[in-house]
Amino acid sequence: MKVAKFGGSSVANATQIKKVAEIIKSDPERKFIVVSAPGKRDSNDFKMTDMLINMGTAYINNENYEEYYSIVLKRFKDIIDELNLSSLLLEEIERSIKQTLFENVSNDVKMDSVKAIGENNNAKIISAYLSDIGLTANYMNPKQAGIIVSDEPGNAQILPESLPKMYSLREQEGIIVIPGFFGYTNKGKLVTFSRGGSDITGSIVAAGVQASLYENFTDVNSVYTVNPNIVDNPKEITELTYKEMRELSYAGFSVFHDEALIPAIKAKIPVCIKNTNNPDAKGTLILAEREVNDKCVSGIASDTGFCSLYVSKYLMNREIGFGRKLLHILEDEGISFEHAPSGIDDMSVIIREHRLTPEKEELVIKRINDELHPDTVSLQRGIAVVMIVGEGLVKTVGVAHRATSAFYNANVNIEMINQGSSEVSMMFGIQAVDMDKAIRSLYQAFFE
Ligand SMILES: Nc1ncnc2c1ncn2[C@@H]1O[C@H](COP(=O)(O)OP(=O)(O)O)[C@@H](O)[C@H]1O
Ligand SMILES: N[C@@H](CC(=O)OP(=O)(O)O)C(=O)O
């Protein structure tokens, strides 16, 4: 029994949905289908979720939301018409969108319910289409599926008690189509995962029903060794371990949500990334273990949007609790950190830039000065993180040498290195403006 998740690009219009139906039809093991909202039909297009966010924001701010509303409805109408489905379905969707928008609830509740409109109605459309072509298929709301999550709007996490109860879904008749991206709290409030979170729903369902495989269908043949938007036609990866994939997606491989692996890892469900537009391609298989060959580097991920908080104080090494106090200030201000390389008298903390607003920055720096009395404290924005990932990498001689030579060849200055804290990755901090040329040079060094 398999779980197949189809991402936004796979369900962006009627043509794509027909491909999805063929894929489902071709393997009776594909019983649980998780779908995203309609995504981009081409590179200039919009994702429905972005349009819904615009609509919800405009409504909440008493601005003109009607334009967004019409765009959303027209998108559903086009899909329904092209699939030759009943116009009653569109009427039902129209009613439910209005109800969600006009409901008298707090802004955060409304916003998450509005964001879920894309997935929820696309699941209804896809289920209707599967029935229309003769399959036994039913839409199932995440509440009914037992996806119980924490009460963190826009950033929900699955509650562990959900999973064991989901096993009985196996007994349901036919194909079950579940909208991705959201769940319900114990009190019945709809809450969404973070952006891209339909991958998480798929993984939860796969773990809950103890699927033999979690297939994640997207618009590329596989996970590539580097982001294909930076290097043309990069080499494909056939197998990865969970650990490698988690590091790579955390560090910028947006093809799979970095939190989505956790349920699959815990339940030991293999994950396969496949292409809806080329389902015969093998894809990338993600497993607990794999045979490590001589190519110790599996992939090179990169992401911008980081900043580095640098603190130095003479004899920092002898001041017991200095690091704890520094991190405690961040904790107090509700700021999570990503990396914290340290030296004898210095410590840098890498933080996602969006978490450190200018107001927070001022506050944090003032508190560090007042409470820790450092010699220097400064913040550098515009940092990119490059992560070289591979099983066995840190035990292989010469990887750092090859990497630093590649940075040298690209004339890119390394701001910081963090190696050794992870068994499968090596992290480099560089200026964001240098990222693409650094990645091209690293790709050449490790894969060409
Ligand atoms: N290393 C990588 N391998 C494959 N795709 C990647 C990688 N890094 C970034 N991507 C991007 O991820 C995209 C697929 O993810 P996403 O847009 O979330 O798809 P979906 O619409 O299926 O959810 C690809 O089209 C590609 O541009
Ligand atoms: N539609 C949501 C959730 C999602 O997972 O979408 P996609 O499968 O298109 O990445 C988003 O855009 O964030």
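**Entry 1: ligand 1**

I started with ligand 1, which has 18 residues around it, and Ser-9, Thr-218, Asp-219, Tyr-224 and Asn-229 come nearest. I counted a residue as near a molecule if one of its heavy atoms lies within 4 Å of it. A note to myself: this is a predicted model, where local features need pLDDT of at least 70, side-chain atom pairs count only at pLDDT 80 or more, and totals for chains, interfaces and linings use all residues. Residues are numbered from 1 along each chain as its sequence is written, chains are lettered from A and ligands numbered from 1 in the order in which they are written, and side-chain values use heavy atoms, with hydrogens and water left out.

Next I looked up polar contacts, taking pairs of N or O atoms within 3.5 Å. A backbone N or O atom of Ser-9 sits 2.9 Å from an oxygen atom of ligand 1. For Gly-8, I found a polar backbone atom 3.3 Å from an oxygen atom of ligand 1. The side chain of Asp-219 has an N or O atom 2.8 Å from a ligand 1 oxygen atom.

**Entry 2: ligand 2**

Which residues are around ligand 2? I listed Lys-5, Gly-7, Gly-8, Ser-36, Lys-47, Thr-49, Glu-119, Phe-181, Arg-195, Gly-196, Gly-197 and Ser-198. In the side chain of Thr-49, an N or O atom is 2.7 Å from a nitrogen atom of ligand 2. Gly-196 places a backbone N or O atom 2.7 Å from an oxygen atom of ligand 2, and for Gly-197 the corresponding distance is 3.4 Å.

**Entry 3: α2 against α5**

Helix α2 (residues 48-60) packs with helix α5 (residues 107-115) at about 150 degrees, their axes 9 Å apart. The α2 helix is therefore roughly antiparallel to α5, a term for angles over 145 degrees. Axes are lines fitted to C-alpha atoms over the stretch in contact, and angles run from 0 to 180 degrees between N-to-C directions.

Contact means heavy atoms within 4.5 Å, and Thr-49 is among the α2 residues that meet α5, together with Leu-52 and Met-55. I sorted the residues of this contact into seven nonpolar, four polar and two charged.

**Entry 4: α2 against α3**

I then checked α2 with helix α3 (residues 66-82), where the axes come within 9 Å and cross at roughly 145 degrees. On the α2 side I noted Met-48, Met-51, Leu-52, Asn-54, Met-55 and Ala-58, and on the α3 side Tyr-68, Tyr-69, Ile-71, Val-72, Arg-75 and Phe-76.

**Entry 5: α5 against α6**

Last, I found the axes of α5 and helix α6 (residues 117-132) within 4 Å, crossing at roughly 35 degrees. Ser-113, Val-114 and Lys-115 of α5 meet Ile-117, Gly-118 and Glu-119 of α6.

Definitions and conventions
Helix = DSSP H or I, 4+ residues; strand = E, 2+ residues; numbered from the N terminus. Parallel < 35°, antiparallel > 145°, perpendicular 65-115°, else oblique. Nonpolar A, V, L, I, M, F, W, Y, C, P; charged D, E, K, R; others polar. Polar contact = N/O pair within 3.5 Å; in protein donor to acceptor, adjacent residues only side chain to side chain.
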